[in-house]
Amino acid sequence: MILPVILAGGSGTRLWPLSRYQYPKQLLALSGDNSLLQRTALRLQGLEGAASPLVVCNEKHRFFVAEQFLQMEIDPFSIVLEPVGKNTAPAVAAAAIKALALGEDPVLFVLPADHHIQDAEGFLKSAKTGEALAEQGRLITFGVVPHAPETGYGYIRKGESFAEGAFILDKFVEKPDLPTAEQYLASGDYLWNSGMFMFKASVVLEELKKHAPEIVQACKQAVEEGREDLDFFRLDAKAFGQSPSISIDYAVMEKTSQGVVLPLEIGWDDLGSWESLWQTGEKDENSNVLVGDVTTVDVTNSYLHATKRMLAAVGVSDLVVVETADAILVANRDKVQNVKHIVEELRKRQREEAVSHRKVYRPWGSYESIEVSNRFQVKLITVKPGAKLSLQKHFHRAEHWVVVSGTAIASRDGEEITLHEDQSTYIPLGVVHRLENPGKIPLELIEVQSGAYLGEDDIVRLDDVYGR
């Protein structure tokens, strides 16, 4: 059996302002209707002998991940929650231990959730080749045949031929400068490191015990002391926190004597920057990728993305411009790798734009800030059919609710009121309250908050169906 392991952690800072800490790039539909995570999962459906994927993600994103699998009507093998990001080696170790604890020893197919692959059939064919080698006890890494001297990727050097289409893994090398990357490309001996791996659960665990035993010890305890929570499996926070933070490349693949590399030519791209989205996007006659309400005059070789307003550009080239409700990014295409430094600066300044959008997703739906001032805030709240918010109260603010569409049940100190379109209610400061959508269509309402403090941490939850 192949057990796909989708690594859905990471913050995607180079795709700011669309990707934010609370809703990172793997959850976004950057091209087409499906998110990057969904596209990864759907790509696996044609893989013969594969189980539903095991997903490893940050616990803060658990409901978003579960909702996206529900939309695809895919029941995941497990959604394993990391209490803190520890890079890929602990994530792989936890997945292997979890699989072996269930009495299985599958071939793990480790996949980042943010890749673009054009040739789906070629991807599946390579996976079956990798499975056969993994069943022989080999640890497989997939290297992409380079078509340019890329400085944004790490590389893998091929060794001697091992089997048809496969090579001994010679060594990994760091992201090179341009002259070095050009040498790599000319030699034909180097491949881009895709971050995809394949190995039996027992084999990778033995290699981890040999080369990084502290990871195995911490992750074994984290699984043993972990617990099921709704549709999720929570790794024990204290135990998992003891694991070193290191990639599977460094922990195992660089040290093992059983490594094999499979070259890939499948139209692969790591959607890690705006440049990669320009490279893979559908271009107009002027080599522009235009997303949303965009108007251009004399614009070439640019990526322009609008989400809330019309974006107009005149007489520019080789630019990235991304517009959201609360932030606009303007950058030269050859400088977009440095967008992460903008995010670092915003975090230092404690700017909310580094963390969340104006539209914030919750397991029950979403809310979007429309207007914020000193003593009031206006939000558009959307509640999914059958969903309800936590039973809660506030110490510093009162709320007015006006139903725009759908039906609401408003609970105030135990009294329930049914509200229809154009009806409203008032929640005084300190009153215990809850909002519920009993209908079959989304509930939309306008919430006006007023008070001395309007922060999201002014919530005392008394009961919550989502276990928050």
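Which residue in strand 22 is the bridge partner of Ser-366? The partner is Thr-382. Strands here are DSSP runs of E with at least two residues, and helices are runs of H or I with at least four residues, both numbered from the N terminus.

This is a predicted model, in which local features need pLDDT of at least 70 and side-chain atom pairs count only at pLDDT 80 or more, while totals for chains, interfaces and linings use all residues. Residues are numbered from 1 along each chain as its sequence is written, and side-chain values use heavy atoms, with hydrogens and water left out.

Two strands pair if DSSP finds at least two bridges between them. The table shows two pairings of this strand.

| Strand pair | Bridges | Direction |
|---|---|---|
| strand 21 and strand 22 | 7 bridges | antiparallel |
| strand 22 and strand 29 (residues 443-451) | 8 bridges | antiparallel |

Strand 21 and strand 22 form a hairpin, with 3 residues between them. On the strand 29 side, Val-378 stands opposite Val-448.

**The nonpolar cores**

In soluble globular proteins, nonpolar side chains tend to be buried together. A nonpolar core is a set of buried Ala, Val, Leu, Ile, Met, Phe, Trp, Tyr and Cys residues joined through side-chain atoms within 4.5 Å. The largest one here has 89 residues, and Phe-109, Phe-123, Trp-274 and Leu-435 touch the most other members. Apart from it lies another core, of 45 residues, including Val-110 and Phe-197.

What does Phe-123 touch, not counting residues up to four places away in sequence? Its contacts (heavy atoms within 4.5 Å) are Arg-43, Leu-44, Phe-109, Leu-111, Ile-117, Met-196 and Ile-266.

**A residue after strand 30**

Val-465 sits in the segment after strand 30 (460-463). Is Val-465 buried or partly exposed? Val-465 counts as partly exposed because its relative accessibility is 41%. Not counting residues up to four places away in sequence, Val-465 touches Leu-230 and Lys-388. Val-465 and Leu-7 are 458 residues apart in sequence, and their C-alpha atoms are 27 Å apart in space.

How values were computed: Buried means under 20% relative accessible area, exposed over 50%, partly exposed in between (1.4 Å probe, protein chains only).
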